[in-house]
Amino acid sequence: MKKNIKIALAQIRSKRENKKANLQKIEEFTLKAKNQGANLVIFPELSLTGYVLHDQVYELAEEIPGPSIKRVEDLAKRTGMLIVFGMPELSEKTKATIFNTAVIVGPNGLIGKYRKRYLPTHSVFEEKRYFRQGYQTAVFKTSIGNLGLLICYDIFFPEICRLTRLKGAELIVCISASPAVRRRYFEILTAARALENTAFLAYVNLAGVEDGLHFWGGSRLVGPTGDLLVKAKYDEEDLVVCEIDYTDMRSAEIFVPMLRDLRPELFEELKKNSEKL
Amino acid sequence: MWTLLKLTPSVLELDLFEVEKRIKCFIKEYVENAGVEGIVLGLSGGIDSATTAAVSSLAIGGKNVTGLILPEKETYNSKDIEDAKLIAEKFGLKTQMCDITPVLEGFYKTIPIFDQVDKLSKGNVKARTRMIYLYYYANKRKKIVCGSSDKSETMMGYFTKWGDVAADISPLMDLYKTQVRKLAVHIGIPPKLAAKPSTPSLWPNQLAETELGIKYEALDLILYGLERFMTPEEIAQQMNFEKTFIEKIKSRWLSVEHKRRLPLTPKLEYRTVGTDFRLPRQKY
């Protein structure tokens, strides 16, 4: 596996309902990331279409593989990069069942996808109205190590990150469309999830305003001790690149051995009690 | 267990730098996406419109903001006009003054059932007439209308339906009145103007706090508690009010939802405007 892994966090402002413009931006930021030596570039949740879509999501969702995936596959092939981005995915088996999906594409094509498991439907969020929840945990073996994928609200539930870690994820990638009123929560949770799993965590958020929702940016890479390694600007578009070394996970795991000390019997108890809530 | 919120003035404190930044960003992005040439707003000389004018000018530049000063003879107040001009000068926005008295008199004369004594119905004609002037300027100058309603008034329904609340965007609508005052001072509005008693100016000597029957400092805390699902009993206990008084405020808040929404329509078809026809408000 490759040493000296460079991760690029591409904190873009999507142009809502304009896949063509957003694919152009994905290309532009991927090229910039490549110029800075990055191996992986990560874009935010629903970055292909923008986040506030309401009923328009039915017009914008695409199957995977589909035309937009093809464009990103071509880009990955041309640049030799790994690319993660978010899009509304139309189920190939139905006519109008949609998932909020993170996709990972590499120089050899589509590597995999993750369908968001926790769909926020409260406050300003109405995701359950439009999306079906996912059921699979996603960890993919890539040229830069094992990558786990999750999306935004998933990070509030420690079991998602924990599962990716138990399945071997070294870098947990969380793509997001988080409005500014939630900034504090994400700043706490990104550090906590990296620390409690002694893994690297890349968090990439949207920037800009969509229908009054102000996305706060602040994308970051957190190390296995919860340390902030790099942070993008608040509120604005930004691209930051950071080098990581998985050997750091070893000393972190020895210092506070949370994975060694896991108690599986508690999960059974958790299950029983959450069913009774 | 749910811990009770403590309704002290500190709960209304905000990170004013952050609030200013977000409001400016909101205005700027909306104007850019709308592809218009700026903002028109009513400039009464009161705190809400002064703050809206100031923050709009800071967001998109004063030269792109037009403040309309729209006095009429019954509520004419030279101090308000002076304050409106002071804000315009300080934040570099353009103003135009239009005396709406002749138009109002036209309405009074031509509405067969017009009643001079019914000051509320008459006052609402003034607010709606100002709306017509603002939208005329917006159409003619390719601008959007920026409203200045705050959260206290909006929750209480203390505004004229399709009148002063009519706008394309309302950047201050998620801030209580006392928070608007703090933001005003933060962005450079003279404290004296920020502390000025509020009036909708629908008739002479009308004062918001007198009509609402409570000071904004207390009202805002009550509304803050209601917003966070506190019961009237909990609020009354903490704030030393009668429970019935808090219930009245809650009842008023809930009974005026019709003023804050599109008109209700019966559900007849596949997707219905205002209910399940859900589209982004702004096309990019």
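**Note on the predicted model: helices, sheet and chain contact**

1. The crossing of H2(B) and H7(B) is left-handed (the near helix is turned anticlockwise from the far one by less than a right angle). Helices are DSSP runs of H or I with at least four residues, strands are runs of E with at least two, and both are numbered from the N terminus.

2. This is a predicted model: local features need pLDDT of at least 70, side-chain atom pairs count only at pLDDT 80 or more, and totals for chains, interfaces and linings use all residues. Residues are numbered from 1 along each chain as its sequence is written, and chains are lettered from A and ligands numbered from 1 in the order in which they are written.

3. Helix H2 (residues 47-60) and helix H7 (residues 177-186) of chain B have axes that come within 10 Å and cross at roughly 45 degrees. Axes are lines fitted to C-alpha atoms, for helices over the stretch in contact, and angles run from 0 to 180 degrees between N-to-C directions.

4. Chain A has an open sheet of six strands, ordered E5-E4-E3-E2-E1-E14, with mixed pairing. Strands pair if DSSP finds at least two bridges between them. Strand E5 (109-115) and strand E14 (238-244) of chain A are the edges.

5. Strand E2 (residues 40-42) and strand E3 (residues 82-90) of chain A run parallel, joined by three bridges. A:Leu40 stands opposite A:Leu82 in E3(A).

6. The contact between chains takes 16 residues from chain A and 10 residues from chain B (C-beta atoms, placed from the backbone, within 7 Å).

Key:
Contact = placed C-beta atoms within 7 Å.
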